[in-house]
Amino acid sequence: MPLKIYRRGQVWHYRGTVAGRRLRGSTGAASKEIALRVAADLEASAWKCRLDGPASVLSFAQAAIRYRAAGKPTRFLSAIEDYWKDTLVRDITAGAVRQAAITLFPNASGATRNRQVIVPTQAVINHAAEGELCSKLSVKRFPVESKVKTPVTWDWIEQFMRASPPHLGALACFMFLTGARVSEALALDWDDVDFEEKRALIRETKIGSERCAHLPRPLIVALANIERTPGRSVFRYTAKCSADKSWRAAVKRAGLPMRSFHCCRHGFATALLRENVDPVTIAKLGGWKSPQHVFRTYGHASDDPTITDRIAGIENENDEARDAVRFNTKTGFI
């Protein structure tokens, strides 16, 4: 049965069954002539989908709506929705996506283009592909310059705290001992902190979920020393930019090498890896997507060539058993 239009108030609506699909909705038009054209377009689209497959009519906008409805991460999604709009998904090739990244971010790094264009575009399309609405898309990433990340240590944190006001010192301590991102730490409210249970609720801004973090004793002490101000978050700053000036000044006062906020999170992962905590546990504690990311990003090779002594059970370089053995290159052990 072809679509029929009918008026409801000032707007024309449509209903009917086309190509085996029950269609019903609003044309959004107050004019009958426009409503008829809208209904005709809907009929044509329904038949095209039936005869040529869903990919023949699926637009990026429609795929993005499905993606959002599934509760998927929407970071950076708005910008690419505005770029692709009603472009058919089948017309979005790998080359087109790379060109979109260059167009949207002409002066940005490869990492930015990958993160803000290629990853979300591919995620939307591949989510639709899982529903058999289109083919999967694979896009080659732009080269990313590898930067050496220097983690902070607990000694750095202690010196920083001595040169900082209580709320700023506690911020650094919190990020280092919980692995919180700076955005997550600054969003912390006092209602999220449970001193009795020694834990805090961290709302994960990057991946859109929550996790509970344990509060070690030094962190509890640091938090307890912050004077509470009604209507303000635990660490008082509203955004990273508002904390940056105070952070840099404290680092300078302490006479420490400059480290960013993220170096605290980096230090959290690095310190746990050095304590032989497995990457799976670290990823869970710090809110990383995968253990592979933790291992690849935060694992560091040791510069100590004598570390192989450990597999022989030798812990101390002055071990008496080692000193008792001398080796002569000509005659062997003596």
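**Exercise 1. How many aromatic pairs does the count come to?**

Solution. The model is predicted, so local features need pLDDT of at least 70 and side-chain atom pairs count only at pLDDT 80 or more, while totals for chains, interfaces and linings use all residues. Residues are numbered from 1 along each chain as its sequence is written, and side-chain values use heavy atoms, with hydrogens and water left out.

Step 1. Rings of Phe, Tyr and Trp (its six-membered ring) pair if their centres lie within 6.5 Å; planes under 30 degrees apart are stacked, over 60 edge-to-face, and the rest tilted.

Step 2. By this rule there are nine aromatic pairs.

Step 3. In one of them, phenylalanine 60 and tryptophan 84, the ring centres are 6.4 Å apart and the planes stand at 45 degrees, so the pair is tilted.

Step 4. Phenylalanine 60 belongs to helix H2 and tryptophan 84 to helix H3 (residues 77-84), so the pair ties together parts 24 residues apart in sequence. Helices here are DSSP runs (H or I, at least four residues) and strands likewise (E, at least two), numbered from the N terminus.

Step 5. Phenylalanine 60 and tryptophan 84 are both buried (under 20% relative accessible area; exposed is over 50%, partly exposed in between; 1.4 Å probe, protein chains only).

Step 6. Ring pairs also link Trp156, Phe160, Trp247 and Phe261 into a cluster.

**Exercise 2. Describe how H2 packs on H5.**

Solution. Step 1. The axes of H2 (residues 60-69) and H5 (residues 110-130) come within 9 Å and cross at roughly 80 degrees. Axes are lines fitted to C-alpha atoms, for helices over the stretch in contact, and angles run from 0 to 180 degrees between N-to-C directions.

Step 2. H2 is therefore roughly perpendicular to H5 (65 to 115 degrees; under 35 is roughly parallel, over 145 roughly antiparallel, the rest oblique).

Step 3. On the H2 side, the contact (heavy atoms within 4.5 Å) involves Phe60, Ala63, Ala64, Arg66 and Tyr67. H5 contributes Thr121, Ala123, Val124, Ile125, His127 and Ala128.

Step 4. These residues divide into eight nonpolar, two polar and one charged. Ala, Val, Leu, Ile, Met, Phe, Trp, Tyr, Cys and Pro count as nonpolar, Asp, Glu, Lys and Arg as charged, and the others, Gly among them, as polar.

**Exercise 3. Which residues of H7 and H10 meet?**

Solution. Step 1. H7 (residues 166-178) and H10 (residues 240-254) pack at about 90 degrees, with axes 11 Å apart.

Step 2. Leu168, Ala172 and Met175 in H7 meet Ser246, Trp247 and Ala250 in H10.

Step 3. By class, this contact has five nonpolar, one polar and no charged residues.
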